[in-house]
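Student: I would like to learn how to read a structure like this one, feature by feature. Can we start from the surface and work inwards?

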Amino acid sequence: FTCLVLLPGRGRLHFVGFGPERPALEQLARDFNIADRVQFDGAISSEQMPAYLRQLDVLVLASRTLPNWKEQFGRILVEAMASEVAVVGAESGEIPNVIGEAGLTFPEADVESLRKQLLQLMQSPELRYTLGRNGRLRAEAEFTQELVAAQTVAVYQQMMQKS
């Protein structure tokens, strides 16, 4: 699950994807009497993703490191940044390096830090706009397919020179 939508005046939470925690999250929404403000969108096709992302105010990637897994890249962050959506990510694996100065990060599993950042973003359309714009610039400067392909070729060339 990945996405959060904040709409001015009234928060709305959208979860994208599937996972074993969905029933527990659905029950939690009912327990807190916010089920009408929580939506489980399931899988979003790659063709639909740009339009889906553009409707968001904020995207949150709240990954947690596990004994056998650590966030390697978080491509959804780059896709959101390219769509000028403000991003917030856990300080898990490569997430802080992907976000750089173009978004906000919080310590893994620190719900209070995440809450404070989301409240700040909810109260500041200017900050959301600035982070969204900075994210777009970062995506264009660091993460285009052409640039990533060139960097990949350079790594392979360097490896071949060493052998």
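Student: Which residues make a nonpolar surface patch of about 280 Å²?

Tutor: First, the ground rules. This is a predicted model, in which local features need pLDDT of at least 70 and side-chain atom pairs count only at pLDDT 80 or more, while totals for chains, interfaces and linings use all residues. Residues are numbered from 1 along each chain as its sequence is written, and side-chain values use heavy atoms, with hydrogens and water left out.

Tutor: Patches are made of residues with over 30% relative accessible area and no salt bridge; like charges are joined within 9 Å, and nonpolar side chains (Val, Leu, Ile, Met, Phe, Trp, Tyr) within 5 Å. The areas come from the Shrake-Rupley method with a 1.4 Å probe, and for residues only the protein chains shown count as cover. Here the patch is made by Leu28, Phe32 and Ile34. Leu28 sits in helix 1, residues 22–31.

Student: Is Leu28 buried, partly exposed or exposed?

Tutor: Buried means under 20% relative accessible area, exposed means over 50%, and partly exposed lies in between (1.4 Å probe, protein chains only). Leu28 has a relative accessible area of 42%, so it is partly exposed.

Student: How many helices and strands does the chain have?

Tutor: Helices (H or I, at least four residues) and strands (E, at least two) are DSSP runs, numbered from the N terminus. The chain has seven helices and six strands, and their order along the sequence is β-β-α-β-α-β-α-β-α-β-α-α-α.

Student: How many salt bridges does a search of the whole structure find?

Tutor: A salt bridge is a side-chain nitrogen of Lys or Arg within 4 Å of a carboxyl oxygen of Asp or Glu. The search finds five. One of them joins the side chains of Arg22 and Glu26, at 2.9 Å from N to O. Both residues lie in helix 1, four residues apart, about one turn of the helix. Arg22 is partly exposed at 23% relative accessibility, and Glu26 is partly exposed at 25%.

Student: What separates Glu79 and Arg75 in helix 3?

Tutor: They are four residues apart in helix 3, so about one helical turn separates them. Arg75 is exposed, with a relative accessible area of 57%, whereas Glu79 is partly exposed at 25%.

Student: Where do Glu140 and Arg136 lie?

Tutor: Both are in helix 6 (residues 125–142), four residues apart, which means a separation of about one helical turn. Glu140 is partly exposed, with a relative accessible area of 42%, and Arg136 is partly exposed at 30%.

Student: What is Val87 in contact with?

Tutor: Contact means heavy atoms within 4.5 Å. Leaving aside neighbours within four places in sequence, Val87 touches Leu59, Leu77, Ala80, Met81, Ile99, Ala102, Gly103 and Leu104.

Student: Why is strand 5 described as largely enclosed by the rest of the structure?

Tutor: Because five of the five residues of strand 5 (residues 86–90) are buried. Ala86, Val88 and Ala90 lie on one side, with Val87 and Gly89 on the other, and both faces are covered.

Student: How many bridges join strand 4 to strand 5?

Tutor: Two strands pair if DSSP finds at least two bridges between them. Strands 4 and 5 are joined by four bridges and run parallel. Val58 stands opposite Ala86, and Leu61 stands opposite Gly89. In strand 4, Val58 and Val60 point one way, Leu59 and Leu61 the other, and all are buried.

Student: What share of the residues of the chain counts as buried?

Tutor: Of its 163 residues, 36% count as buried.
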